[in-house]
Amino acid sequence: MSQVTDKPTETPDEDRASIKSNEKTPTRLRSFRESIRRVAEKSPLSSGGKRSKVTAKADAESGSQPPPSPSLSSGSPVTSPLKNIGGLFQKKEADEADGALQKSKGLTRSKTDPNMAGFGNSALTRAQSIRRSLKLATKKDKGKSARVEPLVPVSEGSVEEKKEDKEEEEEVLEEIEEAYILPEIPHTPLSVMQINKLIEMEVLEEAHLNLLALRLEFQQERERCGEDSPMELAKKEKDLSLLYGDLRNKVNSIVRDSNSLPSRNKALLVPVARIIQEEERRAEEPGGLPGSWMEAWREAVGEGVQVKVESVHLEPREQNASWLAVHLGLLGKAIVEDLEKVKRELRWSYPPSFKVFSAYVRSYHRVVGRHLKKLEVQVTELKDLFALLDWIINRYKSERIMGSPSLQPDMEDESTELQVEDDLLKQLKDKYCRRVKEDMRSSLDRIIELENEDVWSDHKPPEKEEDFLDSQIHMDIWTKVKGHVVNSRDIDAHLEQKVISSCLQELKQFPKTFETGFRRHCSAPSPQPFWTEYHITYINSFAALQQHMEGYRTSCPNEVEGFRKEVKWLIVRLMQDLEEQFKEDVKLYLRRMMTRKWLTNDDDFKQLQSRTQLLSQHCSLVRPPHSQEFASRLHYHVVKEYIGQLMKSNYSCKNRKHEKAAAKIREQWGELSDLFEDMNSTHEWLNPAGYDLCNIITQRNKSDIKNHLQPLVEHYPDFSKKHLVAVLYFRGLLRGREHQLILQRLTELKKKQGGGGGNKSQVLFGDMQVAVNTDCLSNLPFSCFSFLLPDN
């Protein structure tokens, strides 16, 4: 039992009031123990079971509910077990305060209030004795265990009673009732200095009760003074404001550090919560602080979260390439651990209305969002941008952090979305797409450099894949693009589309850039086979790359079409190079066809055949459909040039040499046709041309020639009279009546055909130049030139 210090200055009335106040203490303790015993008897703890939070809450709701906090009055005799429970959660400073007050011979509130020193000592001594009675000795008391003075003698009953107290204490820590009874407010408050000291020493319940008493005095004096405000009232109002400011700062400090310093501050959270509740209830009364105490509590929670977030280790970029990934991993771990602690420990130090877990979750949403905004300025690398976007959009709300099983089921009603500024995600995505473009551009430039270093400079032969010449550049590019697309798809579909567009925009320029580099590095003379093989290799590679990119046509049709056109024109130019090279190789040999030497010597044709066979080998290395297109175009060129020699009238077969010439044409034509058929040429329509002409040239009787014109006209509607004249000249038929009849027959056949026969897209003879034979003019009769005379 705390003792009342005798003061010679106290009046008998004041002594009686002080003694009366102290006499209430054992009554309150007995009442408190009885309430504990009643709860313990009902609790499953008495039978060895553990009472669930849900059951405890249900019992609290179904049982007698504590009355609401009474209105404040100077003479309110109401006492509450919570007045004594508050002592459970006080710190060692209470004892120190007791000693300090006694050592200073009692702090005085004012010269006109001599009883306050005794009251302050009595209040602090009473709180100290309650702590000792419930076995919550301070460190000072533990150091002097021999001096602990229990309120009642120790017996078997008291030991059991204390065990029950301890069990109930644990239960109270798990569940704090929403309603409470305000402890008795002192008749006369302590001095400003004493209250301030109590606040500093974190004896918050006593400090708050005295603050309420001081506030009540202020209200009563204000009512008495009316509109007149003497200096004393203004001073008291200022004192109230300063003390309340100190109290709120102390409360905020405790709340802010409650999760970082659990052993120090968690015990103070119950009185903190009650102070906030009481001040919220009295918000409209004069003498308090402006602004909501509950809102200040939420801000303090946010400040504590801010401290927690800022304490997560963050290495400089220069020291660790994975600085951001490491930091985000540690940040996620810290968030989960902190919220687990809130769920497991802190939340049970508050009444349910505080919604503590929800407050911490929302604070993390907000604080982490601001933290990431600061990080965004430092993030420039593509991998770091991806890590940040992925953490914001996916990982934060995943099972690794906010969706962690350890936080369930409390998170079921909570949002898992991070609160970031509206433009932060847009800025990150735009920056990410810019970096994707830069990365693609750098990768494509590097591909050209590597191709030059590894292939062109050393004339390294290309590799084969499935019997086709191939380069890995299309796989390298496709893998790069696919990596960017897959990563962005993991973030969201909108970013995926933007990334595809960014990649294709860079790729659109690549065919021209590659061609420029290829021609520059291969401008020096190089072995012919390598030159040809490189062209074939890149025809195959870019065709494959274009097919890979077709998979993105649905997402970005315009970009895919733009890239397709660039690849198409690159392949056309590469194929034209090969065609021109082949045409140049066989030009001389084709020019010597249908001559006297040709008729007696096969060397030129053998060279033509050899070059065509080599072309066939090259075509076999080109992937379809470009191999067929390439073979078909060269097939057309060889046929046109071979037959075109007939149209030049370089040689006329006389003395029945036409039969030998026709046989040679038939044989060579068959060999050429077989070669191009093996090359999968699609121009089968060219094959009849040689045989149709052979049938005309081989006819021994001139009159039979006109009977073999129809197949030629049907197959080739563009075969004209001038072409027939050139063929007849090669046959050796230069003039005469039969010559005229043959030409007449051609005219009849073409007229009968009416220009509607054949395929207009299959033009062969129309592309051939026909040389005018001047020799036949000297053999015409004079009447043919009569129209040239002046009179006519």
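Pro625 sits in the loop between α23 (603-619) and α24 (626-644) of this predicted model, where helices (H or I, at least four residues) and strands (E, at least two) are DSSP runs numbered from the N terminus. A cis peptide bond links Pro624 to Pro625, with omega at about 0°. The loop between α23 and α24 also holds Ser620. Ser620 has a relative accessible area of 45% and is therefore partly exposed; on this scale buried means under 20%, exposed means over 50%, and partly exposed is in between (1.4 Å probe, protein chains only). Leaving aside neighbours within four places in sequence, Ser620 is in contact with Asp467 and Phe468, contact being heavy atoms within 4.5 Å. Ser620 and Phe468 are 152 residues apart in sequence, yet their C-alpha atoms are 7.4 Å apart in space.

Residues are numbered from 1 along each chain as its sequence is written, and side-chain values use heavy atoms, with hydrogens and water left out. As the model is a predicted one, local features need pLDDT of at least 70 and side-chain atom pairs count only at pLDDT 80 or more, while totals for chains, interfaces and linings use all residues.

Turning to the chain as a whole, the secondary structure comes to 29 helices and two strands. Of the 792 residues in the protein chain, 48% are buried. Among contacts between residues at least 6 apart in sequence, 80% join residues at least 24 apart. The protein chain exposes about 39,700 Å², and carbon and sulfur atoms supply 50% of this area; accessible areas come from the Shrake-Rupley method with a 1.4 Å probe, and for residues only the protein chains shown count as cover.

The mean pLDDT of the protein chain is 78, and 72% of its residues reach 70 or more; pLDDT is the predictor's confidence in each residue, from 0 to 100. Over residues 1-172 the pLDDT stays under 50, and the model has 204 contacts beyond four places in sequence for this stretch. Residues 776-792 also have pLDDT below 50, with six contacts in the model beyond near neighbours in sequence. Where pLDDT is low, the predicted coordinates should not be read in detail.

Next come the helix pairs. Two packed helices are described by the angle between their axes and the distance between the axes. The axes of α12 (residues 269-281) and α13 (residues 293-310) come within 8 Å and cross at roughly 145°; axes are lines fitted to C-alpha atoms, for helices over the stretch in contact, and angles run from 0 to 180 degrees between N-to-C directions. From α12, Ile275, Ile276, Glu279 and Glu280 meet Trp293, Met294 and Trp297 of α13. By class, the contact of α12 with α13 has five nonpolar, no polar and two charged residues; Ala, Val, Leu, Ile, Met, Phe, Trp, Tyr, Cys and Pro count as nonpolar, Asp, Glu, Lys and Arg as charged, and the others, Gly among them, as polar. Ala359 is found in helix α15 (residues 356-378) and is buried, because its relative accessible area is 11%. On the α28 side the contact is made by Lys721, Leu724, Val725 and Leu728, and on the α29 side by His739, Ile742, Leu743 and Leu746. By class, this contact has six nonpolar, one polar and one charged residues.

Lys250 lies in helix α10 (residues 231-257) and counts as buried because its relative accessibility is 19%. Beyond four places in sequence, Lys250 is in contact with Ile199, Glu200, Glu202 and Leu204. Glu466, in the loop between β1 (463-465) and β2 (468-470), has a phi near 55°, a positive value in a residue other than glycine. Glu466 counts as exposed, because its relative accessibility is 59%. Met594, in the loop between α21 (557-591) and α22 (596-600), has a positive phi of about 60° although it is not a glycine. With a relative accessibility of 1%, Met594 counts as buried.
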